[in-house]
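I opened the structure today to look up how its parts pack together. My notes follow.

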Amino acid sequence: MRAYDIIYKKRNGEKLSKEEISFMITGYNSCEIADYQMSAFFMAIYFQNIDDEEIFFLTDAMAHSGKILDLSFLDGPTADKHSTGGVGDGTSLLIAPILASCDIYVPMMVGRALGHTGGTLDKLESIPGFNVNLDIEQFKLVLKQNHFAIIGQTKEVAPVDKKMYALRDVTATVESIPLICSSIMSKKIAEGAQNILLDVKTGNAAFIQKYEESKLLAKKWFK
């Protein structure tokens, strides 16, 4: 199996198997597949799209690129929230403590960039001295003590997503609906939350500016 053949296949609009998608993700995570090949793979997906089954295979491979956190040590329900973002979007900073006050544990792993809007991580890092780089054990301790914890991605949890997102951010493929779905859900699955709230925004100041695209993303997430 070669990356070239898989890229060629998707470029021509053919469906990829679970093994082919896993090969690309595992190879990129281990640095056996180069950035330029993964960039081509992203662009092929951007233009040719992938179906729901391929999205499932992609999400599963990304989620299992690292550890799946076990939060069974917590004595209550767990929930996380994801927003598609927007300029000035600070809903995560409000929702996490509100849920925590209701005895719901909120393990929240957030990202940066999101095109022109900036991510939650960027907003938190603007606070002097705020540490978003906790390791897994520190993350669990803060979560246990405070009922919520917000951190950036780690090397242990869905590590390939961090590499993939950074590459998408500089190759104009961030807006791909299938890649958005797999990126977000792989992190949420890997962090172990029992419940997930999805906040899909639309508008000039949002990451997704067309209503129809927001509807499509929401429908993909709930399939």
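Which residues of the largest nonpolar core touch the most other members? I noted first that this is a predicted model, in which local features need pLDDT of at least 70 and side-chain atom pairs count only at pLDDT 80 or more, while totals for chains, interfaces and linings use all residues. Residues are numbered from 1 along each chain as its sequence is written, and side-chain values use heavy atoms, without hydrogens and water.

Entry 1, the core. I found that Met24, Ile25, Met38, Phe41, Phe42, Leu58 and Met164 touch the most other members, out of 32 residues. A nonpolar core here is a set of buried (under 20% relative accessible area, 1.4 Å probe, protein chains only) Ala, Val, Leu, Ile, Met, Phe, Trp, Tyr and Cys residues joined through side-chain atoms within 4.5 Å. I also found another core apart from this one, with 14 residues, including Leu74 and Met109.

I looked up H2 (residues 18-29) and H3 (residues 35-48); helices are DSSP runs of H or I with at least four residues, and strands are runs of E with at least two. Met24, Ile25 and Tyr28 in H2 meet Asp35, Met38 and Phe41 in H3.

Entry 4, two strands. I saw that S2 (residues 106-109) runs parallel to S3 (residues 148-151), paired over 4 bridges; pairing takes at least two DSSP bridges. Met108 has Ile150 in S3 as its bridge partner. On S2, Val106 and Met108 are buried on one side, Pro107 and Met109 on the other.

Notes. Axes fitted to C-alpha atoms, helices over the stretch in contact; angles between N-to-C directions. Contact = heavy atoms within 4.5 Å. Buried < 20%, exposed > 50% of the residue type's maximum accessible area, 1.4 Å probe, protein only.
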